[in-house]
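Me: I would like to learn how to read a few helix features. Can we go through them one at a time?

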Amino acid sequence: MSKDQSQTMKEIINRVEGVNLKENKKSSLKFRMHMTKKMSDAPLEMLDLSARPYNSLKRAGYSTIGELVDALAKGVNLNGIKNCGTTSVREIKEKLFLFQYNSLPANRQDAYITEVILMNV
């Protein structure tokens, strides 16, 4: 596991000089998913979710990251999935962010972080 893969979403974003995004429990961090075919076809297991959110997504019929991202893009509310509460939703979104970040080539990661910051100011 590389150094960046073990970092949290907040640690990755806060490493940008002068940025210290505060977590707001009422709203979630906004970010875009730039999916490639390979990323889209990746199984949910690639997100390395804990048992509750993983099982909730599987019971809801999601088996790939692409299916999950498509559902979110269409406005599916993850809180509406059985046993998928606020903590599980936050974990799912953080793991999606980390998957996206770690899937990008190193030369695009900083631009992605800048985009995320601009979407959340």
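Reply: Start with burial. Buried means under 20% relative accessible area, exposed over 50%, and partly exposed in between (1.4 Å probe, protein chains only). Phe97 is buried, and so is Tyr112. This is a predicted model: local features need pLDDT of at least 70, side-chain atom pairs count only at pLDDT 80 or more, and totals for chains, interfaces and linings use all residues. Residues are numbered from 1 along each chain as its sequence is written, and side-chain values use heavy atoms, with hydrogens and water left out.

Me: Which residues of helix H3 are buried?

Reply: Helices are DSSP runs (H or I, at least four residues), numbered from the N terminus. H3 spans residues 51-59, and its buried residues are Pro53, Tyr54, Ser56 and Leu57. Down the axis of H3 they fall within an arc of 165 degrees, so they line one face of the helix. The arc is taken from the directions from the helix axis to the C-beta atoms. Turned away from that buried side are the exposed residues Ala51, Arg52 and Arg59.

Me: What do the buried residues of H3 pack against?

Reply: They pack against helix H4 (65-73) and helix H5 (86-103). Contact means heavy atoms within 4.5 Å.

Me: How do I read an aromatic pair?

Reply: Rings of Phe, Tyr and Trp (its six-membered ring) pair if their centres lie within 6.5 Å; planes under 30 degrees apart count as stacked, over 60 as edge-to-face and the rest as tilted. By this rule there are 3 aromatic pairs. In one of them, Phe97 and Tyr101 are stacked, 6.3 Å centre to centre with 15 degrees between the planes. Both lie in H5, 4 residues apart, about one turn of the helix. An α-helix has 3.6 residues a turn, so residues three or four places apart point the same way. Phe97 also stacks with Tyr112, at 5.7 Å centre to centre and 25 degrees between the planes. That pair links distant parts of the chain: Phe97 is in H5 and Tyr112 in helix H6 (residues 106-119). Phe31, Phe97, Tyr101 and Tyr112 form one aromatic cluster.

Me: How is the packing of two helices described?

Reply: By the angle between their axes and the distance between the axes. Axes are lines fitted to C-alpha atoms, for helices over the stretch in contact, with angles from 0 to 180 degrees between N-to-C directions. The axes of H5 and H6 come within 9 Å and cross at roughly 145 degrees.

Me: Which residues of H5 and H6 meet?

Reply: Phe97, Gln100, Tyr101 and Asn102 in H5 meet Gln109, Tyr112, Ile113 and Val116 in H6.

Technical notes
Helices (H or I, at least four residues) and strands (E, at least two) are DSSP runs, numbered from the N terminus.
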